[in-house]
Amino acid sequence: MYRAVSKDEVFEAALEAICDALGCKSASILQFDDEQVMRFVAWRGLSDDYRQAVDGHTPWRAGQRGVSPIYVADILQTEEPAWLKEVITREGIRGLAFVPIEAHGQVIGKFMSYFDAPHAWSERENEIAVAIARQVGFAVERWRAEEARLLAERELRLSEERLRLMSEDAPVMIWTSDATGHCSHLNRLLRAFWGVKEAEIGMFQWEDTIHPEDAPFVAATMTKALASRSPVGLKARYRKAGGGYRILQTEARPNYAPDGTFMGMIGVNVDVTEKEDAERALRESESRFRDMADAMPQLVWTADGQGRVDYCNTRTSEYAGGRTGTRGDFDWTKLIFPEDLEETRQAWEQALKTGQPYQTAHRLLMRDGTARWHLSRATPVGNGETQRWFGTATDVHDLRKAEERLKQSVQRQLIAVEAAGLGVFEWDVASDRTIWENRRMYDIFGVAPDEPIPGKAEFTEFYLHPDDAFLLEEALRKVDRQDRSYRLVSRILRKSDRELRWLEVSGRFEFDASGQPVRLLGVAADITERKQLEEHQQLLINELNHRVKNTLSVVQSLAKQTFKGGDPAALAALDGRLKALGQVHNLLAERSWERASLAEVAERCISFQGADDLRVRMEGPEIQLSARQALTMAMVLHELNTNACKYGALSQMTGAVHLSWQNSRDQLIVTWTERGGPPCRPPTKRGFGSVLIEQAARADLQATVERDFRPEGLVCRISIPEQRVIS
């Protein structure tokens, strides 16, 4: 193993040592893979079937410390599962050993030695096994370190090559200098900028290209950076090949060799000439904008993309309270009348969130103490993402007061019908033109305010339920000069969602001199809820009677089964079942007896018995059950939980239960898994709980129930056809 130069040679030498020194007929070496699963990496005298059957089996975790070899004198005398004993003995193995292989004190694998007869291990064999494992561990550490070194060297070479290629073809000017400040490398773009050949880089005097006005600043800054070996950033003008100066922005960092020796600086130059020109032009443009804004009669302002107001024109002096805020921006909230502040803030925040134009009407406080109405507008500017806002506030106080007086006059006429939830309309008979006087009409018919209002023809064709068309014509026929009143109760299909609604219309016709109706003034009401309430009231009465009868039937059936034979313990069983039933009844009552989720049913049935949430874990997707299915599932889960508390995993503090459900193909699979309790054995006889689980699941859910009494705990699997589940 010391002379081995590869992993395979190490393993082959180790197998030879194990078989020779320990006198076994076969051996194997296993290691943890990247997923921390123990896998075979070398073996001798083992079949493929055996290795596949026990692959991944290990008594230790990856990285575990302080472990010792495990020696099995005779596998048939152990408490291992029957299937494992069968696999081992079928391979011709009776005695075997698990010897940990460690690296840096942590388990990285193991080797196994196998004997075809029972084998008692001596102390000397233990010493030999530990010595072999230690040497294997040393060898593994050695070739792992060598692989890491070779990988690091390869990555370093690739990194250096990538850096060179990236630098040469980069769209920015990249350079390096030595410790004295002389150029040692210029990439292609920078060589072209200065007109320097690659062979002439070492002799190139880059300082001579600096603009005379910028040279002292650049020289002092670079000298200081070289002396302190610190990063540097500056902006200056440099003469390019062919004449003319360009503004270059330089960012440089110290460059060190792997041993820490200062090699000079590595830097990047970016041509920002156009950017500087654009910023200068922008400053001039902003100056002109401010002059124009100060001449406007409105309050003019700008804000950045986050909504911070950074400019207001001189008109602001007429307003009270505006001042610089804590963030250095203009605190516009001091200008807003207190009652309008929250609505203004919400409108502004919504505009910032959506990037849509901002508009709101509010009162602003003047310096003389008055509050005047203003219309504030703002427009976002930016390519895809808002970068700035430009806004104005226009005084509309006098106009608004006039509009308010007009609105108040109209609103006094509509206030009564609005309070009653009525829609007001006017219909011109000759032109079949309808006017809707308030918003309620739009809500009733599901029409947007900007959509055309239907006349009688469109109402009949598109809104009125076909079966109620005769009611409209009959109501119109009844109208005459003696009885001008009009009333219609019919069904309509609302435009927005085509939902069927009940409509009640009342009004009064106006007639011309010839006795012909010319106009209808009326109100409309949506009476759907009233109709539904009347129907639902009767339905609830019938449904309540039906469910009470069903519940009594369930209780009677449980009582007959529980007290059969006069067993005193039956009373406690019945009490538990009735409580579980009551829990789900309460849940269904909260859901109007329509449906309940499987998760809620499980929590109600298990938690009321005092089960610890840490010991009973539940998980699964959202599954809705009908009321009958919920009751059945409640009884099934109650029986499983009761048995677990009496005889199974929850009867001991170390036990736990995992309840899960999932959709698999065309079935819902509900799995109850117990672990950590007393050894589980199949019951000698079937109790009522078992019968209840199987018969109730089959009758109400068309489900199949499979129970596996494994030594480590019960596993109950309930398979429900998907079409039996609501969602």
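## Aromatic pairs

The count comes to 19 aromatic pairs, where rings of Phe, Tyr and Trp (its six-membered ring) pair if their centres lie within 6.5 Å, with planes under 30 degrees apart counted as stacked, over 60 as edge-to-face and the rest as tilted. This is a predicted model, in which local features need pLDDT of at least 70 and side-chain atom pairs count only at pLDDT 80 or more, while totals for chains, interfaces and linings use all residues. Residues are numbered from 1 along each chain as its sequence is written, and side-chain values use heavy atoms, with hydrogens and water left out.

## Tyr50 and Tyr114

Tyr50 and Tyr114 form an edge-to-face pair, 6.0 Å centre to centre with 90° between the planes. Tyr50 lies in helix H2 (residues 48-54) and Tyr114 in strand S5 (residues 106-115), so the pair ties together parts that are 64 residues apart in sequence. Helices (H or I, at least four residues) and strands (E, at least two) are DSSP runs, numbered from the N terminus.

Tyr50 is buried, at a relative accessible area of 5%, and Tyr114 is buried at 1%. Buried means under 20% relative accessible area, exposed over 50% and partly exposed in between (1.4 Å probe, protein chains only).

## Trp348 and Tyr358

The ring centres of Trp348 and Tyr358 are 5.1 Å apart and their planes are at 70°, so this pair is edge-to-face. Trp348 belongs to helix H8 (residues 338-354) and Tyr358 to strand S15 (residues 358-365), so the pair ties together parts 10 residues apart in sequence. Both Trp348 and Tyr358 are buried.

## Ring cluster

Trp436, Tyr442, Phe445, Phe459, Phe462 and Tyr463 are linked into a cluster by ring pairs.
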